[in-house]
Amino acid sequence: MRIAGWEKILYDKVRDYEKLPFDYGSCDCWLFVADVSDALTGNTHLQDAMHKYKSLDEALVAMRNQYGVKTIYGMVGKMYKKILPTQAMRGDIVNCDGGFGICLGQRFAQLHPVQGLAYFPMSKATKAWRVE
């Protein structure tokens, strides 16, 4: 369940990432999604795998060791209910081209390796999970 005031938290969290460069293990698409979803729900279960890697390969090893999953999709699927991208609402997790982001309504925010925090239309999302 989302905490009271989650809308402002969503806005503030996304703004916090606007000036940060992409960096595996400190500021990447997975950590962005984990940080935002935990803030919206008051949970901390996604933070366990945070900051224990410096590359995508190391991230996958950390998730496999910590949670027994082989992919980030598996990790998100263990924590959240999969939905259609057309069902995604503000604050839900989305995926596009292998990168994870947060739905903001008609667009989503995603930490991109080259662009940093970038915004894309929701029509580009190929997978989604409900953050409750």
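Leu111 touches Tyr17, Leu20, Phe22, Cys27, Asp28, Cys29, Phe32, Phe100, Gly116 and Leu117, leaving out residues up to four places away in sequence; a touch here is heavy atoms within 4.5 Å. This is a predicted model: local features need pLDDT of at least 70, side-chain atom pairs count only at pLDDT 80 or more, and totals for chains, interfaces and linings use all residues. Numbering starts from 1 along each chain as its sequence is written, and side-chain values use heavy atoms, with hydrogens and water left out.

**Nonpolar cores**

- A nonpolar core is a set of buried Ala, Val, Leu, Ile, Met, Phe, Trp, Tyr and Cys residues joined through side-chain atoms within 4.5 Å, where buried means under 20% relative accessible area (1.4 Å probe, protein chains only).
- The largest one has 31 residues, and Trp30, Phe32, Val76, Ile93, Phe100 and Leu111 have the most contacts inside it.
- At least two residues of this core come from each of H1, H2, H3 (56-67), H4 (72-79), E3 (99-103) and E4 (107-112); helices (H or I, at least four residues) and strands (E, at least two) are DSSP runs, numbered from the N terminus.
- H2 gives the most, with eight residues.
- Another core, of 11 residues, lies apart from this one and includes Ile83, Cys103, Phe120 and Met122.

**H1 against H2**

- The axes of H1 (residues 6-17) and H2 (residues 29-41) come within 9 Å and cross at roughly 155°; axes are lines fitted to C-alpha atoms over the stretch in contact, with angles from 0 to 180 degrees between N-to-C directions.
- H1 and H2 are therefore roughly antiparallel (angles over 145 degrees count as such).
- On the H1 side, Trp6, Ile9, Leu10, Lys13, Val14 and Tyr17 make the contact, and on the H2 side Leu31, Phe32, Asp35, Val36, Ala39 and Leu40.

Conventions. Parallel < 35°, antiparallel > 145°, perpendicular 65-115°, else oblique. Buried < 20%, exposed > 50% of the residue type's maximum accessible area, 1.4 Å probe, protein only.
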